[in-house]
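Here is a short briefing on one protein model. Look at the sequence and the 3D view first, then read on.

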Amino acid sequence: MIFASDNWSGAHPAVNAALARHSEGMASAYGSSDLDKAVEKRFNEIFEREVAVFFVGTGTAANSLALASVNRPGGVVLCHREAHIVEDECGAPEFFTHGARMAPVDGPNGLIDPVNLRREIARFKPGHVHAGQPMAVSISQPGEAGTLYSADEIETIAQIAHERGLTLHMDGARFANGLVATGLTPAEMTWKRGVDILSFGATKNGCWCAEAIVVFDPQKASQFPYIRKRGAQLFSKTRFVAAQFMAYFEAGLWLDMAGHSNRMADRLRAALDASNAARQAWPTKGNEVFAILPRDLDTRLRADGAVFYEWNPPHSMPDLVAEGETLVRLVTSWSTQEEDVERFAGFLR
């Protein structure tokens with residue numbers, strides 16, 4: 001009953017096989033191999049247009065370097081108050097942008113409210129040097145609360161950002177889970193709705209160490225090779241990242257894995273809804289579930305081998321958890337077994 005994180009899951013056998021297969025022989029380094037070029041072409045096909053792709057090793061690197069590429073002196077990134085780049089990246093976006101600030105924007109269920117976004121952007125008057133200057137808006141899809149923006153909501157935020165000449169960045173650490181949950185295509189969830197740069201995650205969904213930065217206008221990516229090199233993310237043997245992506249995309253494996261993960265989370269949601277002891281904290285989609293448990297049930301679950309994280313209540317819900325209760329996050333993965341979910345559900349019953 002391991003529901004701590006999809007980062008705890010292993011690599012899919014097909015990814016392992018691809019790594020083993022491409023470990024033989026010689027291949028040119030630093031992203032110049034035939035395999036690298038083939039995977040870059042595959043990204044073009046997936047997103048239905050020519051894109052610029054840069055492999056990196058972690059989601060934090062992807063977010064930080066993506067934002068560094070659009071930095072301005074006194075730069076400000078507007079993002080949700082509980083965004084991953086605010087709460088879980090140890091100041092890396094600020095470090096790699098050489099001091100850009102994260103300006104929090106409120107919104108329910110982990111999603112930016114467009115009215116609040118417009119209001120926060122308006123606080124930065126053009127030419128007012130003391131306040132700095134906005135450079136980007138960053139959204140997470142799925143968000144930190146396990147919720148999702150609709151295509152129209154993404155487009156609305158993009159319009160607000162572009163009115164002020166700001167880049168729209170999407171943190172897609174669980175991008176595949178978001179695609180399956182929304183039913184959108186990769187293009188429909190990104191550039192067709194105004195996203196400029198995407199942090200494309202695969203590590204949480206069956207890969208070893210495979211993340212990518214996707215720039216939807218390649219002409220705006222001319223300086224990115226230098227930013228990646230300076231950020232210590234230009235691996236010499238990039239074919240090992242490319243090999244993972246090649247297997248990841250083959251025959252729709254990435255969507256199959258995300259679909260399984262989401263279905264296992266649906267089972268957890270159903271179990272919580274049927275329980276008279278625990279409950280969902282708020283509705284979610286994808287592979288993250290947030291639950292409120294009585295403290296004694298939390299203790300029994302952990303004693304019987306369940307693993308999950310206690311979670312801080314959202315700023316917008318200060319009274320969510322009552323005395324004697326705890327808020328927890330449950331995350332499923334491509335390798336979550338049905339019997340583990342059913343065993344957990346049995347405790348909830």
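At roughly what angle do the axes of helix α8 and helix α11 cross? The answer is roughly 75°. Keep in mind that this is a predicted model.

**Two helices in contact**
- Helix α8 covers residues 175-182, and helix α11 covers residues 253-274.
- Their axes come within 8 Å.
- Angles of 65 to 115 degrees count as roughly perpendicular, so α8 and α11 are roughly perpendicular to each other.
- From α8, the contact uses Phe175, Ala176, Asn177, Leu179, Val180 and Ala181.
- From α11, the contact uses Trp254, Leu255, Ala258, Gly259, Ser261 and Asn262.
- The residues of this contact divide into 8 nonpolar, 4 polar and no charged.

**Aromatic pairs**
- The count comes to 22 aromatic pairs.
- In one of them, the ring centres of Phe175 and Phe200 are 5.5 Å apart.
- Their planes stand at 45°, so the pair is tilted.
- Phe175 sits in helix α8, while Phe200 sits in strand β6 (residues 197-201).

**A cavity**
- Rolling a probe the size of a water molecule over the atoms shows where empty space is left.
- A search of the whole structure finds 1 cavity of 30 Å³ or more.
- The largest cavity holds about 70 Å³ of space.
- Its lining includes His80, Glu82, Gly110, Ser138, Glu144 and Tyr149.
- Strand β4 (residues 133-140) gives the largest share of that lining, 3 residues.
- The lining residues divide into 5 nonpolar, 5 polar and 2 charged.

Methods:
Residues are numbered from 1 along each chain as its sequence is written. This is a predicted model: local features need pLDDT of at least 70, side-chain atom pairs count only at pLDDT 80 or more; totals for chains, interfaces and linings use all residues. Side-chain values use heavy atoms; hydrogens and water are left out. On a 1 Å grid over the protein atoms alone, a cavity is a set of points where a 1.4 Å probe fits but cannot get out, and a pocket is an open set with protein on both sides within 12 Å along at least five of seven lines; lining residues have an atom within 4 Å of a point. Grid points are joined across faces, edges and corners, and a volume is the space filled by probe spheres set on the points. Helices (H or I, at least four residues) and strands (E, at least two) are DSSP runs, numbered from the N terminus. Ala, Val, Leu, Ile, Met, Phe, Trp, Tyr, Cys and Pro count as nonpolar, Asp, Glu, Lys and Arg as charged, and the others, Gly among them, as polar. Axes are lines fitted to C-alpha atoms, for helices over the stretch in contact, and angles run from 0 to 180 degrees between N-to-C directions. Angles under 35 degrees count as roughly parallel, over 145 as roughly antiparallel, 65 to 115 as roughly perpendicular and the rest as oblique. Contact means heavy atoms within 4.5 Å. Rings of Phe, Tyr and Trp (its six-membered ring) pair if their centres lie within 6.5 Å; planes under 30 degrees apart count as stacked, over 60 as edge-to-face and the rest as tilted.
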